Amino acid sequence: MKQKSGFSGQIGFVFAAAGSAVGVGNLWRFPYLAAKDGGGLFLIIYLILVVTFGFTLLTTDIAIGRKTGKSAIYAYESMRSKWKFLGILTFLVPVLIMTYYAVIGGWILKYITIYLFSSGKEAVADGCFTGFISSPSSVWFSLLFMFLTALIVYNGVEKGIERVSKFIMPILLVMVIVIAIFSLTLKTTLDDGTVRTGLQGMMIYLKPDLTGVTVGRFLQITLDAMSQLFFSLSVSMGIMITYGSYVKKDVDLNKAVSQIELMDTGVAFLAGVMIIPAVFVFSGLDGMSAGPGLMFVSLPNVFFSMGKIGRFIGILFFVLAGFAALTSCISVLESITANCMELFHTERKKTTGVLSVIYLTATAVIALGYSIFYVEVALPNGSTGQLLDIMDYISNSFLMPFISLLSAILIGWIMKPSWIAEEMELNGSKFKRKKLYNAMIRYIMPVIMLILFLQSTGVLNLIIK
């Protein structure tokens, strides 16, 4: 099936793919994990994983997409008809993620309005975040974010997704750099006369902390880094297969993969420079223990501590987070749209219209999961979750590692790595990391993905015990 639309060239593709990869997780999860997992030690491990696993996963998905010219379901079927089930599993990931991503986008929109129309004091009030998400009225922010996403996808690949990504990504990169530089200039004097500076916080971020590192601890840090990389790059969820199917044959995929890796990792690293020094200056090391609440609880307190300029920085940060969430949300909906267009042989506008109704409804249900539809469910990984957490667990912790494991088996042992190499070497392009790719996809990926899957589902903990 020939694609009726596509990216205009390499720049459009790279910005759109990087926009998908650079999501909210880069802005709060990466800095949190870096602070929790030994600072520079986590960074070193993450960087090694980027150029090995990240490269392998990204290369596989994009090459599959361009070579087959199809989205996930039919891409896998065209490779081996018996493996169509893997395409269906891959399609299910964005289907589930789309139910809640716009909810998080709605939370960000709320905080943008707080900083736009007030001093930011409301954001640091006790119970501000929990009070907001547990209120039924929070659903309107999420619905607005979902509508905006659908509108962009409705307008197509080049006129919608590419145009928005080309506009947003350069602004996002500039904003990250500006806030990061500002964060390094911060300092405060405590009541006892101790001075804390942003540069001290930067050293905590960069210096490897080997205190208390055991084999088990090292394995956990590695799994944390792999998990972050895995979900950050938008791999094993059909998105990069779909985007790859829109890439023209004259685009050098080797350069494109490297550029996406660099942009995604660069933003994640700079997010740490933005956040860790600032939180250290105003909240000390304890401030980083907020985990998932970092963005909506700890950071507003940091911005408020900055005084008048804190409101401006708060606006910048949440607009930046909004951009990151929007580009990722667009890519998730586009993957679903592309698959549905192929499945039902419908045109884009009609498909997007139907999906918009479905996901506006789903977004409302998940957003109300903290109020009207509140539940508490024990998950296999040991945590307790509401509706959003359940969808996140099934898609991220269960399906994605499982899909990567099966994909590695399919490409490494059935199709053979040369099938991917042919696409990477198209038009005389040099596949410089060919030997690394072959070793990763055949031997290392299946083992590590099996471990990650067992760890994410709680089975590994039972085995170890």
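Mentor: Gladly! The side chains of Lys 110 and Glu 122 meet in a salt bridge, at 3.8 Å from N to O. The term stands for a side-chain nitrogen of Lys or Arg within 4 Å of a carboxyl oxygen of Asp or Glu. The pair links distant parts of the chain, 12 residues apart: Lys 110 is in helix H5 (residues 84-117), while Glu 122 is in the loop between H5 and helix H6 (128-133). Helices (H or I, at least four residues) and strands (E, at least two) are DSSP runs, numbered from the N terminus. Lys 110 is buried, with a relative accessible area of 18%, whereas Glu 122 is partly exposed at 40%. Here buried means under 20% relative accessible area, exposed means over 50%, and partly exposed is in between, with a 1.4 Å probe and protein chains only.

A word on the source: this is a predicted model, in which local features need pLDDT of at least 70 and side-chain atom pairs count only at pLDDT 80 or more, while totals for chains, interfaces and linings use all residues. Residues are numbered from 1 along each chain as its sequence is written, and side-chain values use heavy atoms, leaving out hydrogens and water.

The structure holds 11 salt bridges. Another one joins Lys 67 to Glu 422, at 2.8 Å from N to O. Lys 67 lies in helix H3 (residues 40-68) and Glu 422 in helix H17, so this pair ties together parts that are 355 residues apart in sequence. Lys 67 is partly exposed, at 26% relative accessible area. The side chains of Lys 36 and Asp 37 also meet in a salt bridge, at 3.1 Å from N to O. Lys 36 is partly exposed at 35%, but Asp 37 counts as buried at 0% relative accessibility.

Now back to the region of the first pair. Trp 107 is among the residues with the most contacts inside the largest nonpolar core, which has 167 residues. Such a core is a set of buried Ala, Val, Leu, Ile, Met, Phe, Trp, Tyr and Cys residues joined through side-chain atoms within 4.5 Å. Leaving aside neighbours within four places in sequence, Trp 107 is in contact (heavy atoms within 4.5 Å) with Phe 129, Phe 132, Ile 133, Phe 296, Tyr 370 and Leu 388. In soluble globular proteins, nonpolar side chains tend to be buried together.

Two loop residues deserve a look as well. Ser 234 has a positive phi of about 60° although it is not a glycine, and it lies in the loop between helix H10 (215-232) and helix H11 (239-245). Ser 234 counts as buried, at 4% relative accessibility. Asn 427, also not a glycine, has a positive phi near 60°. Asn 427 is exposed, with a relative accessible area of 59%.

Stepping back, the chain has 19 helices and 4 strands. Buried residues make up 59% of its 465 residues. Among contacts between residues at least 6 apart in sequence, 81% join residues at least 24 apart. Along its principal axes, the C-alpha trace spans about 70 × 50 × 45 Å.
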